[in-house]
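Hi,

Here is the structure I promised to pass on. Have a look at it first, then read my notes below.

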Amino acid sequence: MEVLIILFPLIAFLLIGLFGRRLGDFPSAIIAVLGSALSFIFSIPALLKALNSPFSVKLYDFISLGSYTLTLGLYFDPLSAITTSLVCFISTLIFIYSIGYMQNLFGQWTYKFYAYLSLFLFSMLLIVLSDNLLGMFFGWEGVGLASYLLIGYFHQQKYATNSAFEAFVMNRIGDWLYLFGIFSIFYLFGSLNLLEIFSKVKEIDPNLLGLAVLLLFGGAVGKSGQVPLHTWLPNAMAGPTPVSALLHSSTMVAAGVYMVARLYPVFESAQQSLKVVALIGGITALFASLAATSHTDIKKIIAFSTMSQLGLMFLALGIGDKSSAMFHLTTHAFFKALLFLSAGSIIHAFHHHAHDIYEVGGLRKHMPITYATFFVGALALAGIFPFAGFWSKDLIIASSYEVSFGLGAFVSFVSFLTAYYIFREGFVMFYGPERHKGHFEEEPHEAPSVMLVPMVVLAIGSAVVGFFEGWYMSALKDHKEMHLNIAISSVVIALLGIGLAYLVFVKRALDPEKLYQSLKPVHTTFKEQFFTEKLYHKILAGGYMLYSKVLYTTFERQFIDGIVNGSYVVSSALGSLFKGLQQGRVNLYVLFLLVGFSLLVLITFLGGR
């Protein structure tokens, strides 16, 4: 029965892909929702069973490699079972929300959108549940393909197609590293089965294992949008908002963190490589937070927040705190999906024309439910008690202080920036003058119920899921204590960030325009992601294109074409020389034959002597 968990989304994908055009867009949406919902329902008994005793489900023998047979199957333990239920639950809510969000596009082959969503969910579940690295890789590539199709869904827009292509290229770089990591693991362990790998990990040379771990982590860097393979993630906002919510809450970008946690016994045995994981996570957490403080795109601010929070999760993994990282991934799925869906509600209210926070304002009067849900998500992200982020982020902060005071202070500073930028976005959009009257003809209105219900459910989850911290840690056979001094100081730091945003953007005690003018170089540097995007697009990609053009005009056009054209000239000259032999006269042909035969006899005779 457990195999049905991954089969339902696959069946939904096949049904919609094959018959969606005949069925129509709305029935296709219902099929996608049912596929996700049924997977969630069937994941519950599997979760309860896995909590008592982990178990495997064999699917089939894939290929024989000498004496080793690679068997594909599923493995349910507390980590994979909890993550499966989380992914299915969040996905179901987002799928339901998408019915209202995409309704204006029904009748325009929107069934393809729901086919891609179902493929996305199936691929993610394959990553989560596979009992071997090959199955994980199939899912890894599946989410990459689905994300390419969904990010570029509005393919008539050049920005969307460029963003999809960038995501595809950046992920391919990471995927090559991940694939070589899998090859390395097979070379070292002689197996791709996770349980077999874990049982042999102490027997492997730590130096060779460290190299394999770094290659695997390279895949996680690409998939989770970490520095330096990060530029695709904020640009992925070109896709519809439900895609953004799905990408950033519990599926694709979460896959990198989950993969490291899944293979943690391997990573844990390569301590030097774990330091690299922590370093990359810390750099990304700060990098993305600074970028978010200056951006004005409604969805990109939340996207940079995802980068930053994933960075904190990698930091936690790097310092040896797997449980806190995964619990933060769990709580993050709720409030990050909520923030994206709330942002989507605002975009939907203006018929998908509003994209900049400074194009709207004073929306709390027009959209009270969206206002409430956004700020619930913001409070959870900022880490205010008793919301979800308070419980999970404080665990990471406490673990960081246990390593060193400097590292703890660093994570606290990132938390301060987090509270500031998310409330900056909320205050600009929901308070102040109604700037939308100068930008749009439409009057803002609350979203339909099919969008609001998932938002409210996620808001409730963002408020209460943190209280399951003890249960979660117990399920993962870990125990974490909440330090009162850390809890109080982290809330104070978050309140300072919120207070600064309130003083600047609501009370306007400090004029934002004057601040912008005085800090313009810093603001531009942060907004341009320290110019990394321009470096990649203009210098690296642009330089490669220029190199290709130069190579084409010099080597291709002159050398290669010169050889081809020269061959033609030589062939033509030889043809002109010998075409006189072809006269169409039989007597000449007999003469040539006689001469040739005579020469042959003469050569034979002279050679015999």
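For burial I call a residue buried under 20% relative accessible area, exposed over 50%, and partly exposed in between (1.4 Å probe, protein chains only). Keep in mind that this is a predicted model, where local features need pLDDT of at least 70, side-chain atom pairs count only at pLDDT 80 or more, and totals for chains, interfaces and linings use all residues. Residues are numbered from 1 along each chain as its sequence is written, and side-chain values use heavy atoms, with hydrogens and water left out.

Salt bridges to start with. I took a side-chain nitrogen of Lys or Arg within 4 Å of a carboxyl oxygen of Asp or Glu, and that rule gives eight salt bridges. One of them joins Glu-434 to Lys-437, with the closest N and O atoms 3.0 Å apart. Glu-434 is buried because its relative accessible area is 18%, whereas Lys-437 reaches 54% and so counts as exposed.

Another pairs Arg-262 with Asp-77 at 2.9 Å between the closest N and O atoms. This pair links distant parts of the chain, 185 residues apart: Arg-262 sits in helix α11 (residues 252–262), and Asp-77 in the loop between β2 (68–76) and α3 (78–101). Both Arg-262 and Asp-77 are buried. (Helices are DSSP runs of H or I with at least four residues, strands are E runs of at least two, and numbering goes from the N terminus.)

Lys-58 and Asp-61 also meet in a salt bridge, 3.4 Å from N to O. Here Lys-58 is exposed at 58% and Asp-61 partly exposed at 43%. There is a network too, linking Glu-141, Arg-172, Asp-175 and Lys-223.

Now the helix packing. The axes of α18 (residues 405–430) and α21 (residues 484–505) come within 7 Å and cross at roughly 35°. Axes are lines fitted to C-alpha atoms over the stretch in contact, with angles running from 0 to 180 degrees between N-to-C directions.

Ser-294 lies in helix α13 (residues 271–294) and is buried, because its relative accessibility is 3%.

Let me know what you make of it.
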